[in-house]
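Take a moment with the sequence and the fold.

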Amino acid sequence: MDTAQRSGCPINLTLEMLGDRWSLIIIRDLMFGNRRHFRELLTQSEEGIASNILADRLKRLTESGLLSRRDDPSHKQKGIYSLTEPSIQLVPLLAQMGAWGRRHTRASEELSIRAELLEEGGPAVWTDFMEELRALHLDAPAPARSVFAELRAAYLAVVARNAGAVG
């Protein structure tokens, strides 16, 4: 991995690690979609990442310590990707990006509901979500509250409501 840095500015260093479009999308899909395998990340993302780009970004994110990879016990050639503590700590940043995107772009209702709930819930919800991500990805004890389930239920409710309005 190239370790040359343009400057020691923390914003620059963060952008050097996460600044391309796909890195944050992959982290988002692991975080909010619990997509843990290459094939899931390739086929279930709305953005349609190319397989060579996905392979490159997974390698970069793993080398930089934002993801970990372990062999899948069910298939020798598959890997299971997990968030690491530094990527779990991106929850507040992604929540703020989602809130900004809701206000300043034409985001869809279905794909905005999670951002809305994270914005409304604020740091308390972010902390609960990070605890749950630690349980899912780092084998920490499972918390009583499942923010992941709450976000998923809200998303599915909006999808169902909008499907009913169309039909």
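The lining of the largest cavity is made of five nonpolar residues, one polar and one charged. Here Ala, Val, Leu, Ile, Met, Phe, Trp, Tyr, Cys and Pro count as nonpolar, Asp, Glu, Lys and Arg as charged, and the others, Gly among them, as polar. The lining residues are I25, I26, D29, L41, S45, I49 and L54. Helix α2 (residues 21-33) gives the largest share, three residues. Helices (H or I, at least four residues) and strands (E, at least two) are DSSP runs, numbered from the N terminus.

The largest cavity has a volume of about 30 Å³. A search of the whole structure finds one cavity of 30 Å³ or more. A cavity is a set of points, on a 1 Å grid over the protein atoms alone, where a 1.4 Å probe fits but cannot get out; lining residues have an atom within 4 Å of a point. Grid points are joined across faces, edges and corners, and the volume is the space filled by probe spheres set on the points.

The model is predicted: local features need pLDDT of at least 70, side-chain atom pairs count only at pLDDT 80 or more, and totals for chains, interfaces and linings use all residues. Residues are numbered from 1 along each chain as its sequence is written, and side-chain values use heavy atoms, with hydrogens and water left out. The predictor's confidence in each residue is its pLDDT, from 0 to 100. The chain has a mean of 92, and 96% of its residues reach 70 or more.

Return to S45, in the loop between α3 (38-43) and α4 (51-63). Is S45 buried or exposed? S45 counts as buried because its relative accessibility is 10%. Buried means under 20% relative accessible area, exposed over 50%, partly exposed in between (1.4 Å probe, protein chains only). The C-alpha atoms of S45 and P141 are separated by 29 Å, and the two residues are 96 apart along the chain.

Now turn to the strands. β1 (residues 67-72) and β2 (residues 75-83) pair in the antiparallel sense over six bridges. Two strands pair if DSSP finds at least two bridges between them. R70 has I80 of β2 as its bridge partner. Two residues lie between β1 and β2 in this hairpin.

T84 is buried, at 13% relative accessible area. A polar atom of the T84 side chain lies 3.1 Å from the backbone oxygen of L66.

Note on methods: 1 Å grid on protein atoms, 1.4 Å probe; cavity = no way out; pocket = protein on both sides within 12 Å on 5 of 7 lines; lining within 4 Å. Polar contact = N/O pair within 3.5 Å; in protein donor to acceptor, adjacent residues only side chain to side chain.
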